[in-house]
Amino acid sequence: MTKILVTGGAGYIGSHACKALAAAGYTPVTFDNLCTGWQDAVQFGPFEQGDLLDRPRLDEVFKKHQPVAVMHFAALSQVGESMIDPGKYWRNNVSGSLNLIEAAAAAGCLNIVFSSTCATYGDQDNVVLDENSAQYPVNSYGASKRAIEDILENFEASHGVKSVIFRYFNVAGADPDAQVGEFHQPETHLIPLMLDAIDGKRAALTIFGTDYDTPDGTCIRDYVHVCDLVDAHVLGIKWLEDNKGSRVFNLGTGNGFSVREVVDNSRSVTNRDVPIVEGERRPGDCTRLVSGSSRAVTELGWAPTRSDMATMIADAWRWHQNGHFDR
Ligand code: UFG
């Protein structure tokens, strides 16, 4: 079967992508250093442990598996941490991706699906964020992802490396079968932290900032279900097979939810109280990030089915109750 190299395949989004690729008839080969991923999440194809900074190891894996394309998820992705330790983000995300792209080009694997982020747009209040919007990242994480987009553009010109770049908005939810799901150590994301607070694993959810210029004072984000998100990636592989050149797609629904609205939805989905504490703003957070583009729908035929807030929270809650928390 056709192999796809999935960097970060042991992580949250990568493991869901491996499941979707296997369902679509591909063999996903996970390449992961397990610094934030989990070996027990690799269930849908072979596992190759390795680090993107280790070029000989990358060359070995390309030679062994001869993948037709790469899905590149492996990255450090905590906005707050990236403000404290930017060097870690530039080294791991940018140098690691450069190694990967060079190794792919050397192996003749010229199709790359890359996980970028809406954090590359930065804080542009009241602006519709589409793929042509200017990119002014306000945190080192977003800056590192924008740099990788630039590297891909350069390597298309020099080596014919084609890419589909997905700029994610906020990924949420879990596999409805609860085979894989979200589990970060430490956890920093809103919905899993909120579920922890709901079932008493932590005392309360702290809302980071209540004085933003939004209707209820809390930050607004555009949440997309992880299963819908990875379906777009499978369509991205097909796009690369069928088209010349490269393309950027936002992956969001266009619906913005404030932190308080997410909390309210969680109360009704779980039928439990959410203990909250109102805290200071978190450095690096943008006020509002909402996609204003339907390019993925019109050009890829992307049809999200689970990205309504109630379904995302219900799927995350099911995983939260049944997933592998003995890690
Ligand atoms: N938030 C809280 N309390 C928490 C955690 C988060 O109030 O304990 C708030 C944040 O301030 C933010 C919102 O909830 O307003 C969402 O925060 P997340 O940490 O869940 O997500 P981010 O928006 O910071 O970051 C995520 C991904 C990034 C991506 C970014 C784009 O982690 O990879 O979305 O917005 F780039």
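Guide: Strands (E, at least two residues) and helices (H or I, at least four) are DSSP runs, numbered from the N terminus. The model is predicted: local features need pLDDT of at least 70, side-chain atom pairs count only at pLDDT 80 or more, and totals for chains, interfaces and linings use all residues. Residues are numbered from 1 along each chain as its sequence is written, and side-chain values use heavy atoms, with hydrogens and water left out.

Visitor: In which sense do strand 4 and strand 5 pair?

Guide: Two strands pair if DSSP finds at least two bridges between them. Strand 4 (residues 69–72) and strand 5 (residues 111–117) are paired in the parallel sense, over 3 bridges.

Visitor: Which strands does helix 4 touch?

Guide: Contact means heavy atoms within 4.5 Å. Helix 4 packs on the sheet and touches strand 1 (3–7), strand 4 and strand 5. Angles run from 0 to 180 degrees between N-to-C directions, and axes are lines fitted to C-alpha atoms, for helices over the stretch in contact. The direction of helix 4 makes about 170° with that of strand 4.

Visitor: Why does E102 count as partly exposed?

Guide: Buried means under 20% relative accessible area, exposed over 50%, and partly exposed in between (1.4 Å probe, protein chains only). E102 counts as partly exposed because its relative accessibility is 33%. E102 lies in helix 4 (residues 86–107) and, leaving aside neighbours within four places in sequence, is in contact with R55 and F155.
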